[in-house]
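User: Hi! Could you walk me through this one once it's on screen?
Analyst: Happy to, here it comes.

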Amino acid sequence: MKHGKKYIDSAKTIETAKLYEADEAIGLVLDTAKAKFDETVELHVRLGVDPKQADQQVRGVIVLPNGTGKNVRVLVLAKGEKADQAKEAGADFVGAEDMIQKIQTENWFDYDVIITTPDMMGLVGRIGKVLGPKGLMPNPKSGTVTMDVVKAIKDTKAGKVEYRLDKNAIIHCPLGKKSFGKEKIKENYDALMDAIVKAKPASAKGLYLRSVAVASTMGPGVKINAKF
């Protein structure tokens, strides 16, 4: 991958083999985030687990103390009273069969999260093949299949993030925007890392945290000496 001059200049200020303390690493990431937009700071954690094993999955949700800085668009699939509650709670889109059909026929994806009540999952299953690859399929473990749609909407809007392994046993999660500043990013980092450490599977052996790094959307990564 070819990088621009800003990235190359930024990379020169970072020692690639060094493990930085979290405070210093986050500071470096913010200093090297030189894009003209408000870059997102991201956390990347490689774990010593086998993602192919069902008993070594690492997955959960957390509401970051300072949110993510992103305006999250929420689609709620529900009927009757739950649909009314969703509208009052600030859902961006609310519906049932009409929304399912819109997704099927119009390839509609102008939302970031889908929240649904359990009774709607039969219908949602019909579009699982299009939602799944985009990471949009509602799931009870992530709190997006629930009868308490009001809490789910508020948590999502407040900065709830889901952490889960990819096929390479790496977790990728946002920590907030550059404009947050170092203190707020560090608070989010501490909360998310604490959750990941507590989610360690009982069957995981050996070193759990293989590598931890932070990076901005357009900037180079900085490795962290994670002490958890």
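**Sheet and helix packing**

Analyst: Strand 3 (residues 74-77) and strand 5 run parallel and are joined by 4 bridges. Strands here are DSSP runs of E with at least two residues and helices are runs of H or I with at least four, both numbered from the N terminus; two strands pair if DSSP finds at least two bridges between them.

User: What should I know about the model itself?
Analyst: The model is predicted, so local features need pLDDT of at least 70 and side-chain atom pairs count only at pLDDT 80 or more, while totals for chains, interfaces and linings use all residues. Residues are numbered from 1 along each chain as its sequence is written, and side-chain values use heavy atoms, leaving out hydrogens and water.

User: Which residue does leucine 77 stand opposite?
Analyst: Leucine 77 faces threonine 116 in strand 5.

User: And what order do the strands take in the sheet?
Analyst: The order is 4-3-5, in an open sheet of 3 strands with parallel pairing. Strand 4 (93-95) and strand 5 (113-116) are the edge strands, each pairing on one side only.

User: Switching to helices: at what angle do helix 3 and helix 7 pack?
Analyst: Helix 3 (residues 80-88) and helix 7 (residues 149-158) pack at about 30°, with axes 9 Å apart. Axes are lines fitted to C-alpha atoms, for helices over the stretch in contact, and angles run from 0 to 180 degrees between N-to-C directions.

User: Which residues make the contact?
Analyst: Lys82, Gln85 and Ala86 of helix 3 meet Val149, Val150 and Ile153 of helix 7, where contact means heavy atoms within 4.5 Å.
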